Amino acid sequence: MKATYIDYKDTNSFSKTLLAYLAADEELVNFYGNSPNIAGFEKQIELKSSFTFESRTILVDQLKRQYGSLLADSPQVAANIELLTDQNTFTVTTGHQLNIFTGPLYFIFKIVTAIRLASDLKKNFPDKEFVPVYWMATEDHDFEEINNTRVYGKKIVWDVPRVSGTGRMDTGSMEQVVRQYCSMLGLSENSTKLTAMVEDAYRKDRSLADATRVFANALFKEYGLVIVDADKPELKRLFAHIIEDDILHEKSFYAITETSQLLEEKSFQAQVHARECNFFYLTDDFRERIVRNSDGRFEILHQEIYFTEAEIRAEIQSHPERFSPNVVMRPLYEEVILPNLAYIGGGAEIVYWLQLKANFDQFGVPFPILIPRNSAMITDDKVAGKIFRLDLTFKSIFKPTLILQNDYVKRHTTHRLNLRDEWMEINAIFGKIKLRTHKIDPSLTPSAEAVKARLKKAMNNLEKKLLKADKRNHEEALIHIERVKEQLFPGGGLQERTENFATLYIKYGDDLVNELVKHFNPLDFKFTILY
């Protein structure tokens, strides 16, 4: 593949806040820690060097338990897990929900960004080790967000009732949806390989967490990707003191709410909102919010379960795994149990992380460097050739279809389609008319201006009709522009946000990930176009 890069701002696809962060806007410097560059990582390594050997040992033990027999066929992963016991080993982490079959393409981009960043950091700090980590959002309960994917534009849905955290759901009911997915893959060496990976992951009656680990490991084990399921009592125990502090004293609510207000005062929109209690109560049957009632007791909503303050303290100490962090506390949990340097997230994730630094500070947890995941578009020489033959560029292709078509006609027309010269002549005539009417009666001046305005509007409409008429002379090219846009922006949005990776894997096989790792540059902050 060949690669070209454009600025994120030129895609018109990313938020004001993210662009401000990438531009190191002074208005945002108080909302994050070290900067996303090599100098920032040097400081972050020093900051995270206090991560304890005890925590490392617990983490490694849990990872070995989670992987089990998978490690026998994943030597790079096994080696990276062992490295995590060393005080000179650090992680770079991305997280995502358990989308079936990986969901949209950007799932792959997130993980590749982590892999490439770990490799780049090793080159810059050869005396240290860096492990890419995928944090599975196994406790998430938004099943409707992850129970579907799209292949060749067709939506495939795992339509069953949600149970508890999605990671605990049984994939035994996925038989039909696996068949549907695999039937879309066609017949080729790559489709056969992908089908085998999918069936091995999702047709063995595993939990969705375990199935996702098996599938992601099959795709990325050669790069030593370590996959973490934090829905475990041993890991939650490391976080228990913060769970108790948040539930009993509402410290996170006050810190995050104040930060959110400060961001909004600077015209940056808050993405998430903290609650007085930012934990759910999680069992195999349900995941429900914890709220404090007016009588001082803690209620598990919709379950008729109540705790006094003393009882909930005891519950946290005895069963920390039953306390599931929400979106504002999950980042803190992650940084408590990992020797982590950086979090890699999508645009919306980076924005809500900016709301969290004060909360990290009050609990004494180092805030990670925030790295926007690499964003990309993947096409081929055939489509690239069409773009160039249409006198377009990879930068201009991000403009709306109508603008591209109008610009094309204006560049290639044999006629003059604007009436600027004529309007200048008419404008001069109206200057004389205004002068005459003013001499006769000054009150007539607004009437003259109104006539001029109506004529200007009429001439603008005439220009549009001239352009529309001339479009018929370029109809074939305009159809090609529309088709290229539809191909590169399915549904009118970025390719990475809708399509599953399967169609690209069928075409490129294992070279797909290899090429992404080769061409992604996580610290350059550019949109990547591969063809």
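The following dialogue works through several features of this predicted model.

Q: What kind of model is this, and how are its residues numbered?
A: This is a predicted model, in which local features need pLDDT of at least 70 and side-chain atom pairs count only at pLDDT 80 or more, while totals for chains, interfaces and linings use all residues. Residues are numbered from 1 along each chain as its sequence is written, and side-chain values use heavy atoms, with hydrogens and water left out.

Q: How many helices and strands are there in the protein?
A: Helices (H or I, at least four residues) and strands (E, at least two) are DSSP runs, numbered from the N terminus. The protein has 23 helices and 15 strands, and its C-alpha trace spans about 95 × 60 × 50 Å along the principal axes.

Q: What share of the residues of the protein counts as buried?
A: Buried means under 20% relative accessible area, exposed over 50% and partly exposed in between, with a 1.4 Å probe and protein chains only. By that criterion 54% of the 531 residues are buried. Cysteine 182, at 12% relative accessibility, counts as buried, and cysteine 277 is buried with a relative accessible area of 9%.

Q: How many disulfides does a search of the whole structure find?
A: A disulfide is a pair of cysteine sulfur atoms within 2.5 Å, and the search of the whole structure finds zero.

Q: In what order do the five strands of the open sheet lie?
A: Two strands pair if DSSP finds at least two bridges between them. Here the order is E10-E9-E8-E7-E11, with antiparallel pairing. Strand E10 (305–307) and strand E11 (323–325) stand at the edges with a single partner strand each, so one side of each is left without a neighbour in the sheet. From one strand to the next the twist averages 35°, where axes are lines fitted to C-alpha atoms, for helices over the stretch in contact, and angles run from 0 to 180 degrees between N-to-C directions.

Q: Which residues are bridge partners within this sheet?
A: Strand E7 (residues 279–282) and strand E8 (residues 287–292) pair over three bridges in the antiparallel sense, phenylalanine 280 having arginine 289 in E8 as its bridge partner, and the two strands form a hairpin with four residues between them. E8 also pairs with strand E9 (residues 298–300), antiparallel and over three bridges, and here isoleucine 290 has isoleucine 300 in E9 as its partner. The hairpin of E8 and E9 has five residues between the strands, and glycine 296 in its turn has a positive phi of about 90°. Three bridges join E9 to E10, with isoleucine 300 opposite isoleucine 305 in E10.

Q: How many aromatic pairs does the structure hold?
A: Rings of Phe, Tyr and Trp (its six-membered ring) pair if their centres lie within 6.5 Å, and planes under 30 degrees apart count as stacked, over 60 as edge-to-face and the rest as tilted. The structure holds 27 aromatic pairs. The rings of tyrosine 8 and phenylalanine 14 have centres 4.8 Å apart and planes at 80°, so this pair is edge-to-face, and both residues are buried.

Q: Where does the charged end of arginine 297 sit?
A: A charge sits over a ring if NZ of Lys or CZ of Arg is within 6 Å of the ring centre and within 35 degrees of the ring normal. The charged end of arginine 297 sits over the ring of tyrosine 306, 4.3 Å from its centre, and lysine 485 lies over the face of phenylalanine 489, at 4.1 Å from the ring centre.
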